[in-house]
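Here is a short tour of a ligand site and the nonpolar packing in this protein. Have the viewer ready and follow along.

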Amino acid sequence: MRYTDAPTADTADRDLIARLAFGSMAAQTLRAAVRLRVVELVGATPRGAAEVAAAAGARPQPMTRLLRALAALGLLREHTPGTFSVTPAGALLDPGHPDSLRSFVRMFTEPAVVRAWEHLDEGVRTGEVVFDTVFGTDFFGHLAQDPELSAEFNAAMSQAVAETAAALPHAYDFGRFRAVTDVGGGDGTLLAAVLTAHPDLTGVVFDTAEGLARTPETLERHGLAGRCTVHAGDFFRSVPEGSDLYLVKSVLHDWTDDQVVTILGHCRRALPPGGTVLIVEPVLPEVVDAGSAVADGGVTYLSDLNMMVNIGGRERTRADFEDVCHRAGLSITSVTPLAGAEPFSLIEAVPR
Ligand SMILES: C[S@@+](CC[C@H](N)C(=O)[O-])C[C@H]1O[C@@H](n2cnc3c(N)ncnc32)[C@H](O)[C@@H]1O
């Protein structure tokens, strides 16, 4: 390719490349901040770096440099040389914040997520799931062998689902159903929000035993233990019968098309007449639209690559969802963006 006639790249173009190339360093800076409890130690009012270093068991000068990098990333503010306070974005790293993303940051900067990414090119070349080669097992098998990591993953998912849990109960007509099963429902945060807003509904959280480790606690906390049960199982073998709505949020993107057809096929078989499957996932446009909620700085497309590298799944277009639903005996009746929880959409499907 010759660039002699092309417009010259300007400073902004060079900055973009530099920022992207340094992206993994920014992620590791967040990780260090979380591990050293920097945000909890700095707090809302200006505090000196030396004091923060002493409280964290760290050296003053390196701590000052870490705090300055966090200030440059928008997570802290430096008031006078060496004194810092936490910004609203930085406060989200505090485990005590009601909308905390601390576990989310820990999980997505973990070696278990990051290591296989070093071989992304290999994954693109071979089409293989690099994680399985690097770790000698698949992602969920790896989690099953490490209860601490599995707990971190569950907590990360619970923090990631918070926006959807706030938006979904009022964005869909749950009133016409009797019982909802959340397939791959994790710690129950999403179903708890739906059941709290709809007192006539009963629910089932269906997941693996590892995925359900904290679910009874969530249901207890929301006063739902009498209205919602947990069911451990494997959605590649079956999905429990008894509900008229099967909710499937951020599960299908973990799997290949054939595996998705199996999961949806089990949901289809469990459905009574008049029953519905409600998929909650981003829906990719046919062409990347840099201005859309789905593009959101690249996160959905990076999530797509993350699925390729670590799990073997993918994000999907409407046509992709139509294909897997059709193969599972379902047809899509509506696709609606979920306001307040972009880039998620509600994909409603019924037996065809
Ligand atoms: C990406 S998480 C999504 C969790 C939750 N729906 C959410 O949106 O936060 C995928 C979920 O699928 C569960 N899962 C993975 N393999 C499963 C299987 N074979 N059977 C049932 N659940 C499974 C995981 O334990 C996890 O809770």
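The notes below go through the ligand site and then the nonpolar cores.

This is a predicted model, in which local features need pLDDT of at least 70, side-chain atom pairs count only at pLDDT 80 or more, and totals for chains, interfaces and linings use all residues. Residues are numbered from 1 along each chain as its sequence is written, and side-chain values use heavy atoms, leaving out hydrogens and water.

**Ligand site**

- The ligand is surrounded by 16 residues, the closest being G184, D207, D234, F235 and K249 (near means a heavy atom within 4 Å).
- This shell is made up of six nonpolar, six polar and four charged residues (Ala, Val, Leu, Ile, Met, Phe, Trp, Tyr, Cys and Pro count as nonpolar, Asp, Glu, Lys and Arg as charged, and the others, Gly among them, as polar).
- A polar side-chain atom of D207 sits 2.6 Å from a ligand oxygen atom, while an N or O atom in the D234 side chain is 2.9 Å from a ligand nitrogen atom.
- F235 uses a backbone N or O atom, 2.9 Å from a nitrogen atom of the ligand.
- The protein buries 93% of the 600 Å² that the ligand exposes when taken alone (Shrake-Rupley method, 1.4 Å probe).

**Nonpolar cores**

- The largest nonpolar core has 28 residues, and L168, Y172, F174 and L278 have the most contacts inside it (a core joins buried Ala, Val, Leu, Ile, Met, Phe, Trp, Tyr and Cys residues through side-chain atoms within 4.5 Å; buried means under 20% relative accessible area, with a 1.4 Å probe and protein chains only).
- α14 gives this core its largest share, six residues.
- Apart from it lies another core of 27 residues, including V183, V248, F321 and C325.

Methods
A polar contact is a pair of N or O atoms within 3.5 Å; within protein, one must be able to donate a hydrogen and the other to accept it, and residues adjacent in sequence count only if both atoms are side-chain atoms. Buried means under 20% relative accessible area, exposed over 50%, partly exposed in between (1.4 Å probe, protein chains only). Helices (H or I, at least four residues) and strands (E, at least two) are DSSP runs, numbered from the N terminus.
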